[in-house]
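Please look over the sequence and the model shown here before reading the report.

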Amino acid sequence: MNITIQEENGGFVAHLNGRLDTPAAIKAQQDMVPLMENADKVITLDCEALEYISSSGLRLFLALRKEATAKGGSIIIKNINDEIKKVFMMTGFYNLFTIQ
Amino acid sequence: MQHHLTLPNDINTIPQLGTFVEGICEETGVSMENTMQLNLALEEAVVNVMSYAYPEGTTGYVDIDINTVDHRMCIIISDSGKPFDPTTKEEVDITLSAEQRPIGGLGIHLIRNIMDEVAYERKDNRNILTLKKYLPNSLK
C-alpha cells in the first residue's frame, strides 16, 4: 500500500492506495510517522483508493486517533468503500472517527 | 473441491492469502463482499498463528485447507505450534471510546463477526481452527 502525504490548509491529507493488510501495516507505520508527529493538526485520511483493511491497519488508525486526542488534533476519514465501512461497523470503529 | 495452501510463519507471505481466497471465491461464485470478508477472517487467523504458535526465530508452518460443499465454505487453519486457542480471548468491547480502547483483540472479534461457526480443537499435537460460512448465493 502507498501513502502520499500533503500539507493542506494547515493540516495534512494522506491518500491511502491499495491494500492495508498486515505486512503493509508494518511498513505504513513508518510512513505515517509524519502524521503522528503532526497529530496536533487536522489530519485527513483519504481512503478512496484503499481496497482492504485488516486489524493491523485498524490498529494504526487507532494509534493515530489516540495521538490526535493527546495532542489536540483531529482525524477525518474520507471516502471509505462499502466493504471497509462494514469492517469499521463490525469493530465499532465507525463511531470512533469522523467519517465523511 | 479441496484447496490447500501452506505458508511459513512469515508475515510477508500474507498477500498470498488474498490470491488464494480470491481464486476459490471466483470459482465458487462468491460475491465481492463475501470474498473480502473471507480474506479478512483468514488473514486474522493466519496472522495469529504466525505471531504466537512458534518460538521467535524459528520457522514453523501454517496449513490452510478450504472446501465448499452445498453453499457452505469450510476453512481449516492448522499448525503444529504450541497449544493456542484463539477462541478463548475475551470479547472486545466495541462501545469503548478511543481513549479506552486497547490496541489489540480485534482479530478474533472480526473472525467471529464474519464467520457463522468458529471452532477450535487441539488434536495430534496440532492446533486446528475451523471456520465456516454459509454462502447461500454462491454457485456451489
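## Contact between the chains

The structure is a predicted model. Where chain A and chain B meet, chain A contributes 20 residues and chain B contributes 21 residues. On the side of chain A that touches chain B, the elements giving two or more residues are helix H1 (22-31), helix H3 (55-71) and helix H4 (82-90) of chain A. H3(A) supplies the largest share of this side, with eight residues.

Sorted by class, the side of chain A that touches chain B consists of nine nonpolar, six polar and five charged residues.

## The sheet of chain B

Chain B has an open sheet of five strands, with antiparallel pairing and the order S1-S2-S3-S5-S4. Its edge strands are strand S1 (2-8) and strand S4 (117-123) of chain B, each of which pairs on one side only. From one strand to the next, the twist averages 15 degrees.

S4(B) pairs with strand S5 (residues 126-134) of chain B in the antiparallel sense, over seven bridges. In this part of the sheet, B:Tyr120 is opposite B:Leu129 in S5(B). Helix H1 (residues 15-28) of chain B packs on the sheet and touches S1 and strand S2 (61-69) of chain B. The direction of H1(B) makes about 175 degrees with that of S1(B).

## Two packed helices in chain B

Two packed helices are described by the angle between their axes and the distance between the axes. For H2(B) and helix H3 (residues 106-114) of chain B, the angle is about 145 degrees and the axes are 9 Å apart. The crossing of H2(B) past H3(B) is left-handed.

By class, the contact of H2(B) with H3(B) has seven nonpolar, three polar and one charged residues.

## B:Asn48

B:Asn48 counts as buried because it has 22 C-beta neighbours inside 10 Å, and the cut-off for a buried residue is 20 or more.

Apart from its neighbours within four places in sequence, B:Asn48 is in contact with B:Pro86 and B:Gly107. B:Thr58 lies 10 residues from B:Asn48 along the chain, and the C-alpha atoms of these two residues are separated by 16 Å.

Notes: Residues are numbered from 1 along each chain as its sequence is written. Chains are lettered from A and ligands numbered from 1 in the order in which they are written. This is a predicted model: local features need pLDDT of at least 70, side-chain atom pairs count only at pLDDT 80 or more; totals for chains, interfaces and linings use all residues. Two residues are in contact if their C-beta atoms, placed from the backbone, lie within 7 Å. Helices (H or I, at least four residues) and strands (E, at least two) are DSSP runs, numbered from the N terminus. Ala, Val, Leu, Ile, Met, Phe, Trp, Tyr, Cys and Pro count as nonpolar, Asp, Glu, Lys and Arg as charged, and the others, Gly among them, as polar. Two strands pair if DSSP finds at least two bridges between them. Axes are lines fitted to C-alpha atoms, for helices over the stretch in contact, and angles run from 0 to 180 degrees between N-to-C directions. A residue is buried if 20 or more other C-beta atoms lie within 10 Å of its own, exposed if 12 or fewer, and partly exposed in between; C-beta atoms are placed from the backbone. A crossing is left-handed if the near helix is turned anticlockwise from the far one by less than a right angle, and right-handed if clockwise.
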